[in-house]
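Hello,

Here is the structure you asked to look at. Please open it alongside this email, as my notes follow it.

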Amino acid sequence: MLKLRSSGLSCGVCANFQIPIPRCFMNSITTSSIDVKPKVPLYLRPPSFSASLSELTKWHKWAKNLASSVGSSFINLDNGPDSTLLRRELNWLLQDLIELQHRSVILSRLESGNNENPDVSVALRAPLEEMYCVWRQRIEKRRPFQYVVGCEHWRDLVLSVQEGVLIPRPETEVIIDLVEGVALNNVPELAQGFWADLGTGSGAIAIATARALATHAHGDACGRVIATDLSPVAVAVATSNVQRYGLQDVVEVRKGSWFEPLKDVQGKLAGVLSNPPYIPSGDISGLQAEVGQHEPILALDGGISGTNDLLHLIDGVASMLKPGGFFAFETNGEKQCKFLVEYIENEKPGSFRDMNIVSDFAGIQRFVMGFRR
Amino acid sequence: MSYFIFKRSSNGSFCISQYIRTKTRAFSSLHPLDNFLDSNQNSKVFDPGCSSILHNSLKKPFGSFSFLPSSSLLGSQNQHSLRLNRKGWICAREFGSQAAIEPCTSDGLTVDGIASSKWTILEESESDWKSHAAAIAQSIQVIKRRLQWKKLMVRLDLLSAELNKPDLWNDPVHAGKISREHGSLMGKMKEVKAFEQELLEHIDMIKLAREEDDTELESESMKALLRMRRDSKDKELEALLAGEHDSCSCYIEVQAGAGGTESMDWAAMVMQMYKTWAQRRGYGVTVVDEMPGEIAGIKRATIKVDGEYAFGYAKAEVGVHRLVRISPFDSGKRRHTSFAAVAVIPILGDGSSRVQINESDLRIERFRAGGAGGQHVNTTESAVRIVHIPTGVTATCQNERSQHQNKASAMAVLQSRLDQLEMARQAQMNSQHTQSLTEISWGNQIRTYVLHPYRLVKDLRTNYEVSDPDSVLEGDLDSFILSYLSASLDKGEGEQ
């Protein structure tokens with residue numbers, strides 16, 4: 001069925017039906033599928049649907065009321081989104097839905113409640129029926145907004161995401177700041193080497209790193225990035241994101257677990273980056289609904305203490321990096337950071353220099369980084 | 001009256017050679033005629049048949065200190081003027097020691113005269129020459145105020161005198177400077193003069209056409225006058241928006257005053273007013289930061305307004321806006337007074353000198369930090385707040401979809417705020433510009449919007465008022481803005 005789905009038009013339309021009945025598509029991708037076809041994010045679909053302004057206004061009002069009905073109940077429940085945030089998401093959904101040319105006019109019309117020309121037709125990138133369906137999923141099923149629109153804005157990128165792929169977090173943006181500010185500024189020749197993003201998911205770190213390497217490169221010798229992931233959905237989505245940014249010659253996506261697909265570059269890597277699963281298993285059940293019920297557990301669950309994969313990465317990274325190579329890993333917070341630094345000092349004495357713990361913007365100690373000696 | 005007119009069928013405009021369209025006033029009998037002219041201006045070649053014959057003689061009244069070697073040329077020109085002035089509208093007007101020639105119509109009407117006669121200015125569509133003429137005269141006066149006309153004239157006299165000194169070119173650098181300034185001021189002056197002249201000519205033509213019952217000529221002249229009216233409006237705007245940063249894009253920031261939901265609702269109304277105003281003007285509008293109120297409205301919001309002269313217009317809105325109405329949030333249906341403060345910050349171009357920001361002076365905060373963060377949380381909330389520690393200036397952005405972009409937007413806002421702070425500091429050092437300091441400071445109540453018990457919007461600075469608050473709140477702000485800009489020109493003139 002996945003193969004039958006046309007990727008360009010109307011992702012909500014199931015090919016089994018002859019009539020285009022919008023269908024709520026949720027968690028429909030199975031990880032066993034080899035040939036995964038990535039979904040096209042809403043904002044990249046052709047504006048081949050339309051609705052009258054009054055129909056759109058009606059939907060908008062309905063959606064706004066649904067958002068407002070939430071109040072702060074999700075916050076109280078599991079620190080989820082409140083009405084204000086949901087209404088902002090609704091504006092973004094509209095931005096992605098309405099074809100660019102008339103977007104600002106239509107949006108200001110909706111905002112001001114202007115009722116002139118209700119019959120004017122608005123070009124949309126998805127049928128309005130589907131919009132009723134997905135917004136209900138957003139509110140009632142707590143389906144993450146990023147899956148609803150099929151993309152996440154991350155740094156200066158817009159990355160396709162879909163069920164089965166971890167939605168990149170704003171905290172993780174800092175890893176790229178570390179690559180640029182710490183690694184490339186201090187050791188410029190690293191910009192020419194091979195870098196690895198392990199457990200790449202949507203390809204966020206790999207793509208942003210490739211772009212950072214290009215801006216720091218001197219002459220033609222630009223570095224390359226290898227992105228690995230165990231999940232076939234992640235591999236498919238990352239590959240399509242890499243292609244959308246025209247980086248297929250710079251970023252190579254390989255399927256496999258952590259260092260497994262990297263045997264050919266052992267000891268040669270200029271940098272290793274990763275945002276591995278780090279949530280302790282016991283915390284999974286209490287997660288915010290958007291995360292716990294919708295995002296891939298494979299990308300979240302880090303074992304009993306949450307450090308299974310982080311330790312695996314630290315054990316392997318010394319032999320993967322060339323001398324002077326850089327690493328940065330995201331962690332669950334202060335406790336894991338301190339534990340990892342201690343682990344490195346005790347178990348890998350003399351392997352690394354300039355080890356550091358770096359906080360995210362919220363002030364939580366989030367990253368462990370250092371250079372191979 | 002003898003005249004004949006060549007019509008140029010190709011463009012429909014008139015070409016007049018021997019018609020007394022304009023009289024020349026002000027021959028002070030005490031001054032020899034030579035004194036009206038100065039050698040710098042005499043180099044212009046006459047072109048009989050061109051409508052600007054008279055301009056040439058009229059544009060030269062400012063060289064009273066000059067002595068003129070080329071009297072033969074002057075002689076012929078004077079004859080020309082005198083011949084044209086055979087009807088004899090001669091009157092004298094003194095500017096100190098100088099004599100000036102004030103152009104006027106055949107019946108003695110001057111531009112100042114038109115402006116002071118207070119003819120009603122009707123819509124452009126009304127074909128009424130007096131209305132057109134009054135509108136044009138008004139614009140010309142604004143343009144002259146902007147140029148600081150009287151000072152300009154004095155300066156021109158000085159420069160002309162300087163230029164006529166025989167030893168001027170002993171110092172070529174100085175001479176070059178003087179000559180350039182003279183040329184530039186002369187250009188400005190001539191442009192206005194020519195414009196005045198054209199107005200008077202058209203008026204004469206209309207009067208003449210009526211006398212001669214020439215409807216075709218009358219309607220042609222009326223059209224020409226209308227064209228001038230539109231043109232003069234543009235020129236007036238150009239003159240009003242001649243401030244250093246007027247052409248910049250800008251941020252508009254609205255902050256609710258004390259008073260809870262009612263004033264937050266008012267702040268949202270004010271912000272909406274600016275959004276529609278900016279959109280109608282064709283500016284790009286982006287919400288940078290918006291802090292919604294708990295029940296309705298906004299606590300504060302910042303929008304970015306992209307486009308030419310956005311700052312020039314919007315700066316007229318800086319200050320406190322007051323609303324009087326029966327609050328929809330008051331179950332007792334009582335009348336409430338609410339306030340919203342508006343700040344406008346120019347976004348300086350790359351060419352301007354901008355404040356250097358040290359990364360180490362910044363504290364970057366993520367809003368709503370709470371909980372474990374990272375993989376635990378899926379939120380589209382990625383607001384960023386940046387504090388510039390040395391000044392305490394902050395900027396927040398939460399409407400971009402990535403934290404990185406929010407940070408970039410907040411940095412842009414912060415940069416503009418610091419630039420503005422620096423501008424204010426420099427203005428303070430330079431007492432001449434104290435006025436601009438009050439312009440950007442908060443706390444001045446500038447406008448009142450009354451929805452009950454009567455309906456009125458009144459600008460407290462200019463006393464400009466309209467009785468239709470709805471249209472104003474829907475973004476119909478231009479007349480308020482223009483009347484303020486024009487009034488602040490007067491103020492500037494008065495101070496100098």
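Below are my notes on confidence, the two chains and the contact between them.

Please keep in mind that this is a predicted model. The model scores ipTM 0.86 and pTM 0.68. For chain B the mean pLDDT is 76, with 74% of its residues at 70 or more. Within chain B, confidence is lowest in strand S4 (residues 94–95), where the mean is 34, and highest in strand S16 (residues 456–459), at 96. Two stretches of chain B call for caution. Residues 1–99 of chain B have a pLDDT below 50, and this stretch makes 143 contacts in the model beyond near neighbours in sequence. The pLDDT is also below 50 over residues 431–442 of chain B, a stretch with 14 contacts of that kind.

Chain A

Chain A has 373 residues, of which 47% count as buried. Its secondary structure consists of 12 helices and 11 strands. Taking contacts in chain A between residues at least 6 apart in sequence, 73% join residues at least 24 apart.

Seven strands of chain A form an open sheet with mixed pairing, in the order S7-S6-S5-S8-S9-S11-S10. Strand S7 (251–255) and strand S10 (352–359) of chain A are the edges, each pairing on one side only. From one strand to the next, the twist averages 15 degrees. Inside this order, strand S5 (residues 194–198) and strand S8 (residues 269–274) of chain A pair in the parallel sense over 5 bridges.

Is A:Gly325 buried or exposed? A:Gly325 counts as buried because it has 27 C-beta neighbours inside 10 Å, and the cut-off for buried is 20 or more. Leaving aside residues up to four places away in sequence, A:Gly325 touches A:Leu269, A:Ala270, A:Gly271, A:Phe371 and A:Arg372. A:Gly370 is 45 residues from A:Gly325 in sequence, yet the two C-alpha atoms are 8.5 Å apart in space.

Chain B

Chain B has 496 residues, and 37% of them count as buried. It has 13 helices and 17 strands. For contacts in chain B between residues at least 6 apart in sequence, the share that joins residues at least 24 apart is 66%.

Helix H8 (residues 260–280) of chain B has 21 residues. From its first C-alpha to its last, the helix reaches 30 Å, close to the 30 Å expected at 1.5 Å a residue. Since 15 of its 21 residues are buried, H8(B) is largely enclosed by the rest of the structure. After H8(B) comes B:Gly282, which has a positive phi, near 85 degrees.

Chain B also contains an open sheet of 3 strands in the order S12-S13-S14, with antiparallel pairing. Its edge strands are S12 (362–366) and S14 (393–397) of chain B, each of which pairs on one side only. Neighbouring strands of this sheet are turned by 15 degrees against each other on average, direction ignored. Strand S13 (residues 384–388) of chain B pairs with S14(B) in the antiparallel sense over 5 bridges.

The contact between the chains

The contact involves 36 residues from chain A and 27 residues from chain B. On the chain A side, the elements that give two or more residues are helix H3 (83–97), helix H4 (103–112), strand S3 (151–154) and helix H10 (289–292) of chain A. The largest share of that side, 4 residues, comes from H3(A). By class, the side of chain A that touches chain B has 16 nonpolar, 9 polar and 11 charged residues.

Regards

Conventions
Residues are numbered from 1 along each chain as its sequence is written. Chains are lettered from A and ligands numbered from 1 in the order in which they are written. This is a predicted model: local features need pLDDT of at least 70, side-chain atom pairs count only at pLDDT 80 or more; totals for chains, interfaces and linings use all residues. A residue is buried if 20 or more other C-beta atoms lie within 10 Å of its own, exposed if 12 or fewer, and partly exposed in between; C-beta atoms are placed from the backbone. Two residues are in contact if their C-beta atoms, placed from the backbone, lie within 7 Å. Two strands pair if DSSP finds at least two bridges between them. Axes are lines fitted to C-alpha atoms, for helices over the stretch in contact, and angles run from 0 to 180 degrees between N-to-C directions. Ala, Val, Leu, Ile, Met, Phe, Trp, Tyr, Cys and Pro count as nonpolar, Asp, Glu, Lys and Arg as charged, and the others, Gly among them, as polar. pLDDT is the predictor's confidence in each residue, from 0 to 100. The expected span of a helix is 1.5 Å times one less than its number of residues.
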